[in-house]
Amino acid sequence: MHETICDFLLDIIQNAIEAKASDISVTVADDAKHIRFSVTDDGKGMSISELGRIRDPFYTDGTKHVRRKIGLGIPFLQQAVSMTDGEFEISSEPGKGTRITCSFPADHIDTPPVGNLPSAFLAALTYPGDFDMHIVYSIERGPAKDGYELHRSELIEILGDLHMGQSLIMLRDFIQSQDESLENIRGAR
Amino acid sequence: MAKMTLEDLRKLREEKKRALNKRDIEGKNVQIIVGMGTCGLAAGAKDALDSFLKTIDENNLDNVAVTQTGCMGLCYVEPTVEVIVEGMPNVIYGNVDAAIAARIVKEHVMNKQMVSEYVFDRPAADIINDGGR
């Protein structure tokens, strides 16, 4: 189920990983009026004809789930965006990668809640696979701005295997501490 | 929680690595096994364990593994600790509080002299008189 913006974000990140991306860049920006995110990957990309079908919930390229006949990630995201008068853009080129950007107006009644960003970042960084990921989160409330960045390769260099028990706990605490440092600014309007 | 920097994370990782290393018996010729059954815990085995780890740290001993076990059957003298040092008989100490734990590290592990008054599973008297050597 897609109940939060984090659910959509994780879906798109998973698509990027499954498209065999070696470098994924994720940005999330919250400026009190809009919540925007973008995911850029250097995966296999899509042709014009494939791009034309991504809005079709009964289309999937069949590589992820061989027997599944539907692909709901992007259709759900588009539906949520159009219900809230948000924006959705996708650009892709075969062999070069895909970029998806999306924006939700913060005060629209149908805008899904943001969800738990630290947990989503933790899940994204610990997806299995050999890829680098760069997450940039920024928050803005009037003149106040802050944020943090997470580099997967840098974190692996320090913590080793991110899936191992103690590394995972340290990574969770690290992300949590970054996020909690933004509490003051997040609460301000 | 204060905002951590990557340097903080690196330090935390090193600390955890060192702490984990102490639990690893691979390549260590000294083992300290702390009885941490319910009886041991109730009698303060955690204080003894902490004191072992602290004293080992302070003296930079990297050949000592500290592990834990359940009840050793000597509930009347908990907390109990078994100390295995290469070239010395295995010894079970009883009534080990934080101060005695520190003494065990300094005297038994570092100076190869048993802390005789706290030895409960006692090797032969001549061995004790000889300091366990």
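Here are some numbered notes on this two-chain model, meant to be read with the structure open.

1. Ground rules. This is a predicted model, in which local features need pLDDT of at least 70 and side-chain atom pairs count only at pLDDT 80 or more, while totals for chains, interfaces and linings use all residues. Residues are numbered from 1 along each chain as its sequence is written, and chains are lettered from A, with ligands numbered from 1, in the order in which they are written.

2. The sheet in chain A. Start with the open sheet of 6 strands, whose order is S3-S4-S2-S1-S5-S6 with mixed pairing. Strands here are DSSP runs of E with at least two residues, helices are runs of H or I with at least four, and both are numbered from the N terminus. Two strands count as paired if DSSP finds at least two bridges between them. The edges are S3 (87–93) and S6 (144–151) of chain A, each of which pairs on one side only. From one strand to the next, the twist averages 5°; axes are lines fitted to C-alpha atoms (for helices, over the stretch in contact), and angles run from 0 to 180 degrees between N-to-C directions.

3. Who pairs with whom in chain A. As background, strands of a sheet pair through backbone hydrogen bonds, either parallel or antiparallel. S5 (residues 132–141) and S6 of chain A pair in the antiparallel sense over 8 bridges, and His134(A) stands opposite His151(A) in S6(A). S2 (residues 34–41) of chain A is antiparallel to S4(A), again with 8 bridges; there, Val39(A) sits opposite Ile100(A). S3(A) and S4(A) run antiparallel too, joined by 7 bridges, with Glu87(A) opposite Ser103(A). These two strands, S3(A) and S4(A), form a hairpin with 3 residues between them, and Gly95(A) in the turn has a positive phi of about 80°.

4. Helix H5 (residues 152–159) of chain A touches S5 and S6 of chain A, at about 60° to the direction of S6(A). A contact means that the C-beta atoms of two residues, placed from the backbone, lie within 7 Å.

5. Where is Arg55(A)? Look in the loop between helix H2 (48–53) and H3 of chain A. Leaving out residues up to four places away in sequence, Arg55(A) touches Ile74(A), Pro75(A) and Gln78(A). Arg55(A) and Phe76(A) are 21 residues apart in sequence but 8.8 Å apart in space, C-alpha to C-alpha. Why does Arg55(A) count as partly exposed? Because it has 15 C-beta neighbours inside 10 Å; buried takes 20 or more other C-beta atoms within 10 Å, exposed 12 or fewer, and partly exposed is in between, with C-beta atoms placed from the backbone. Next, find Glu154(A) in helix H5 of chain A. Glu154(A) is partly exposed, with 14 other C-beta atoms within 10 Å.

6. The cores. A nonpolar core is a set of buried Ala, Val, Leu, Ile, Met, Phe, Trp, Tyr and Cys residues joined through C-beta atoms within 7 Å. The largest one has 39 residues, and those with the most contacts inside it include Leu9(A), Val39(A) and Phe121(A). Helix H1 (residues 5–18) of chain A gives the most to this core, with 8 residues. A second, separate core of 31 residues includes Ala48(B), Val66(B), Met72(B) and Val109(B).

7. Over to chain B. Chain B has 5 helices and 5 strands, which follow the pattern α-β-α-α-β-β-β-α-β-α along the sequence. Of its 133 residues, 30% count as buried. The 5 strands form an open sheet in the order S2-S1-S3-S4-S5, with mixed pairing, and its edges are S2 (64–69) and S5 (119–121) of chain B. Neighbouring strands of this sheet are turned by 30° against each other on average, direction ignored. S1 (residues 30–35) and S3 (residues 81–85) of chain B run antiparallel and are joined by 5 bridges; Ile32(B) has Val83(B) as its bridge partner.

8. Where the chains meet. How many residues of chain B are in contact with chain A? The count is 10, and they contact 11 residues of chain A. On the chain B side, 6 are nonpolar, none are polar and 4 are charged.

Terms used
Ala, Val, Leu, Ile, Met, Phe, Trp, Tyr, Cys and Pro count as nonpolar, Asp, Glu, Lys and Arg as charged, and the others, Gly among them, as polar.
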